[in-house]
Amino acid sequence: MEYKEIIYKTPVKEGLINHDKTYRDFEWKAVLDHFECFSNNEVNIAHEAIDKHATTNGKNKNALIWEDENGRQKEYTFQSIKRQSDKFANVLKNIGIEKGDRVFLFLPRIPELYIGIIALAKVGAIAGPLFSAFGPEAVKDRLLDCKAKAIITTPDLNQRVCEIKEQLPTLKHTILVDSGNTLEEGEVSYASEMNKASESYKMRWVDPEDYLYILYTSGTTGKPKGVTHAHNDMISQYLTTKWVLDLREDDVYWCTADPGWVTGTVYGIWGPWLNGVSQVVYDGRFDTEKWYSIIEKQKVTVWYTAPTALRMLMKAGVKAARNYDLSSLRYICSVGEPLNPEVIKWGIEVYGLTIHDNWWQTETGSIMIANYPSLPVKPGSMGKPFPGICAKIIDAKGKELPPGQHGLLALKRGWPSMMREIWGNRDKFDEYFRVSDWFATGDTAYVDDDGYFWFVGRADDVINTAGHRVGPFEVESALVEHDAIAEAGVIGKPDTERGEIIKAFVVLGQGHQPSDSLRDDIKGFVKNRLAAHAYPREIEFIESVPKTRSGKIMRRVLKARELGLPTGDLSTLEEE
Ligand code: AMP
């Protein structure tokens, strides 16, 4: 939906002053000068993000300003994050974690999560942040796939790990934050190990191509895939944070995303700290009052959030916003789903600021297409490609399509933060490059005459619910494990608040009758197995799931029926 209005900007003096000119002249290698140690290919992102600032004038500046739902608060300077992460790096070394080992963090958004990620980078290990809402099955799939050696968790969440531990032969260590005295075999207490650990740690320098983190993400088929990123990502992370999020030295920045989602790892840890900026972390659920009170209390200046949250704030009304002093805010960005023009309009009215949409994916490792402080905004558009990023719209054969025509959104391979591997699965990795050298994003879009990109939808069946990417196959697999279910087909159903919700069509096995209590039972079952965001909010009992002759579920038929649209070509349908 193109919005005719254009929001023009006042000239900016810092950051990306002129997008189009910079885009024409840009070279990634110029960014290397920013880093202290790219000279001999011996790098470590933790040095650039934390240690470097801890030895300069910024050492007493807050790196992390943390609070939780219960009002507990903590502050950590760059120097204290350095000290804590040095100690924790020693703990990791002492228990035998080595370069290249996969170590998962199954934690709420507590300071130890952030210290843990930095410490893992310091030993050269590969960090795997997990949503604390994950059920045992989701945790197992990830740890099993990349043969994780250790997990850092809390006693509470460890109960879920214990359910699946026997199926994880490579998992040798569990590090328990806030543990009591009783520890099982293979478990160590974070607090007591930290007490014993030395504060002096010698950085493990790595090659820029060595892996830094792994995040599992969904496609249409199969289990989630392990998207793996390297230390080299810091080049893109640093510059996109500076130019898209417009972070400056004295900002107080709040990224609302959890590190279980790539936005929370890249722009909720690395990006701001590579820029030496103080960031706020709130460990708690969405709550209008709480969110506004954080902005007021911490005097947040730059805020990076998601459309679903903004839509919920909009629903809460203008009055809710007026109860707080939000005048510290100077810049707002949004990512993860299409940002409705009406939300942008509302933002201008209520916050007095334009909300800047940007687009990227777990696989791209950093923002690819964005609205910038200096660039006029066309509400509803994702903006223009970041300097150094070549994006185009192509057809299935790789032919570039002219402005206005819908097609596949593709990126020219080779930017610094492009994923390096789908863990242990070369075929899945190659699938992204099936159209010559172009990385196929899986999204459809179009570009207008001025070079602005407009999101159209997914080219596949992947569901985007409140910014969470969910593969229908995962949900269908969990559903058919329920005793009452014989078959299931899952789609994303448009929803005004969450973008899409998960809707499941299920066929019951013999002897089972549809009922509301069965519906609730099924929802709870999927929630416990996968995650709180991955359960079907709607369940419809049907007689049979439409399938191709080769047995593939025809989700487009389910979707068309749901939306009352023509079902299209049904020639491959098993029956009808
Ligand atoms: P994830 O890898 O989980 O961050 O999901 C990436 C996907 O989220 C993209 O491929 C898009 O489908 C969607 N997405 C991310 N940002 C936007 C945006 N600004 N507008 C529309 N869709 C978006």
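Colleague: How many cavities of 30 Å³ or more does the structure hold?
Modeller: The structure holds 2 of them. A cavity here is a set of points, on a 1 Å grid over the protein atoms alone, where a 1.4 Å probe fits but cannot get out. Grid points are joined across faces, edges and corners, and a volume is the space filled by probe spheres set on the points. This is a predicted model, where local features need pLDDT of at least 70, side-chain atom pairs count only at pLDDT 80 or more, and totals for chains, interfaces and linings use all residues. Residues are numbered from 1 along each chain as its sequence is written, and side-chain values use heavy atoms, with hydrogens and water left out.

Colleague: How much space lies in the largest cavity?
Modeller: About 60 Å³.

Colleague: Which residues line the largest cavity?
Modeller: Among them are Arg 109, Tyr 114, Cys 255, Pro 259 and Gln 279. Lining residues have an atom within 4 Å of a point. The elements giving two or more residues to this lining are α9 (262–274) and β11 (278–283). Helices (H or I, at least four residues) and strands (E, at least two) are DSSP runs, numbered from the N terminus. β11 gives the largest share, 4 residues.

Colleague: What classes do the residues of that lining divide into?
Modeller: 7 are nonpolar, 4 polar and 1 charged. Ala, Val, Leu, Ile, Met, Phe, Trp, Tyr, Cys and Pro count as nonpolar, Asp, Glu, Lys and Arg as charged, and the others, Gly among them, as polar.

Colleague: And the second largest cavity, how much space lies in it?
Modeller: About 30 Å³. Its lining includes Leu 339, Ile 355, His 356, Asp 357 and Ser 381. Strand β14 (residues 355–359) supplies the largest share of that lining, 3 residues.

Colleague: Switching to the ligand. Which residues come nearest?
Modeller: Asp 357, Asn 358, Gln 361, Thr 362 and Arg 469, out of 16 residues around the ligand. A residue counts as near if one of its heavy atoms lies within 4 Å. β14 gives the most to that shell, with 3 residues. β14 and β21 (453–458) each supply at least two.

Colleague: What does Thr 362 do there, in distance terms?
Modeller: A polar side-chain atom of Thr 362 sits 2.6 Å from an oxygen atom of the ligand. For Gln 361, a side-chain N or O atom is 2.8 Å from a ligand oxygen atom. Asn 358 has a backbone N or O atom 2.7 Å from a ligand nitrogen atom. The cut-off for a polar contact is a pair of N or O atoms within 3.5 Å.

Colleague: How much of the ligand's accessible area does the protein cover?
Modeller: The protein covers 97% of the 500 Å² that the ligand has on its own. Those areas come from the Shrake-Rupley method with a 1.4 Å probe.

Colleague: Now pockets. What volume has the second largest pocket?
Modeller: About 1,400 Å³. A pocket is an open set with protein on both sides within 12 Å along at least five of seven lines. The second largest pocket has 42 lining residues, and Arg 109, Gly 284, Arg 285, Phe 286 and His 468 lie nearest its centre. The largest share of the lining, 3 residues, comes from α11.

Colleague: Why does the second largest pocket lie between the domains?
Modeller: Because domain 1 (19–447) and domain 2 (461–563) both give residues to its lining. The domain bounds come from an automatic or database domain assignment.

Conventions
Polar contact = N/O pair within 3.5 Å; in protein donor to acceptor, adjacent residues only side chain to side chain.
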